[in-house]
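Please open the model in a viewer and keep the selection tool at hand. The stops below proceed from the whole chain to single residues.

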Amino acid sequence: GGEEKPETPSAYIADAVASCPGLVVVANAIDTCDEVSKQRYRFVRDGIDALVEIIGLQGQTEGTMEEFFLARKLNLAQSGGDNIKLEVFQGGKSVHKGTSCIHLKKGDATKPQNCPRIYYQAVGLPSGYYVFLLYVGPHREGDFERAHYLDST
């Protein structure tokens, strides 16, 4: 047997967020995640699992992040891609401001649905260690900005 995993990426991400408060979906970051090809659903699940693992480790992986993801058969892109600005507020104050193009990717040079991307920023804050999901879905083009307000509790 074992537990049945949710079929769609959006359901899988919802379960992960419910069980891991440090995993945060920013704005509409997962609105298009179910549009990736079905054969890429596993990539999204594996990517989310790795990000949840990083939260559990408080970002303290052995070796580099690239080595961490490579050991899980995930490709970390640290250049190229879209530049995403994120500002995080907590208790009415800005607690993080950064721009990053870091993302997990699967596939290149084919239809966008076959080249899913998971853009994120991992941030240690006084209130805890967070991975902010900025975009999960088919390959996309174009920079963008997001703001996120954490609960002040």
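The tour that follows names a selection at each stop and describes what is found there.

**Before starting**

This is a predicted model, in which local features need pLDDT of at least 70 and side-chain atom pairs count only at pLDDT 80 or more, while totals for chains, interfaces and linings use all residues. Residues are numbered from 1 along each chain as its sequence is written, and side-chain values use heavy atoms, with hydrogens and water left out.

**The whole chain**

In sequence order, the pattern reads α-β-α-α-β-β-β-β-β-β-β. The radius of gyration of the protein chain is 15 Å, close to the 15 Å given by the globule rule for 153 residues, so the chain is as compact as a globular protein of that length. This radius is taken over C-alpha atoms, and the rule is 2.2 Å times the number of residues to the power 0.38. Along its principal axes, the C-alpha trace spans about 40 × 40 × 30 Å.

Colouring by accessibility shows that 45% of the 153 residues are buried. Buried stands for under 20% relative accessible area, exposed for over 50%, and partly exposed for values in between, with a 1.4 Å probe and protein chains only. Of the contacts with a separation of 6 or more, 58% join residues 24 or more positions apart; a contact means heavy atoms within 4.5 Å.

**Helix H1**

Select residues 9-19, which form helix H1, and show the side chains of Pro 9, Tyr 12, Ile 13 and Ala 16, which are buried. They lie on the same side of H1 because they cover an arc of only 95 degrees around the axis, the arc being that of the directions from the helix axis to the C-beta atoms. Among the elements that cover these buried residues are strand S1 (23-25), helix H2 (41-56) and strand S7 (128-137).

**The three-stranded sheet**

Next, select S4, S3 and S8: they form an open sheet of 3 strands in the order S4-S3-S8, with mixed pairing. Strands S4 (93-100) and S8 (144-150) are the edge strands, each pairing on one side only. From one strand to the next, the twist averages 15 degrees, where axes are lines fitted to C-alpha atoms and angles run from 0 to 180 degrees between N-to-C directions. Strand S3 (residues 84-90) pairs with S8 in the parallel sense over 7 bridges; two strands pair if DSSP finds at least two bridges between them. Within this pair, Glu 87 stands opposite Ala 147 in S8.

**The cysteines**

How many disulfides does the structure hold? There are 0, a disulfide being a pair of cysteine sulfur atoms within 2.5 Å. Select Cys 20, which is buried at 9% relative accessible area. Its closest cysteine sulfur, in Cys 33, is 17 Å away, too far for a bond. Cys 101 is also buried, at 13%, and its sulfur lies 17 Å from the closest cysteine sulfur, in Cys 115, again too far for a bond.

**Two alanines in loops**

Most residues other than glycine have a negative phi. Select Ala 27, in the loop between S1 and H2: its phi is positive, near 50 degrees. Ala 27 is exposed, at 56% relative accessibility. Finish at Ala 109, in the loop between strand S5 (103-105) and strand S6 (117-125). Its phi is also positive, at about 55 degrees, and Ala 109 is exposed with a relative accessible area of 88%.

Key. Helix = DSSP H or I, 4+ residues; strand = E, 2+ residues; numbered from the N terminus.
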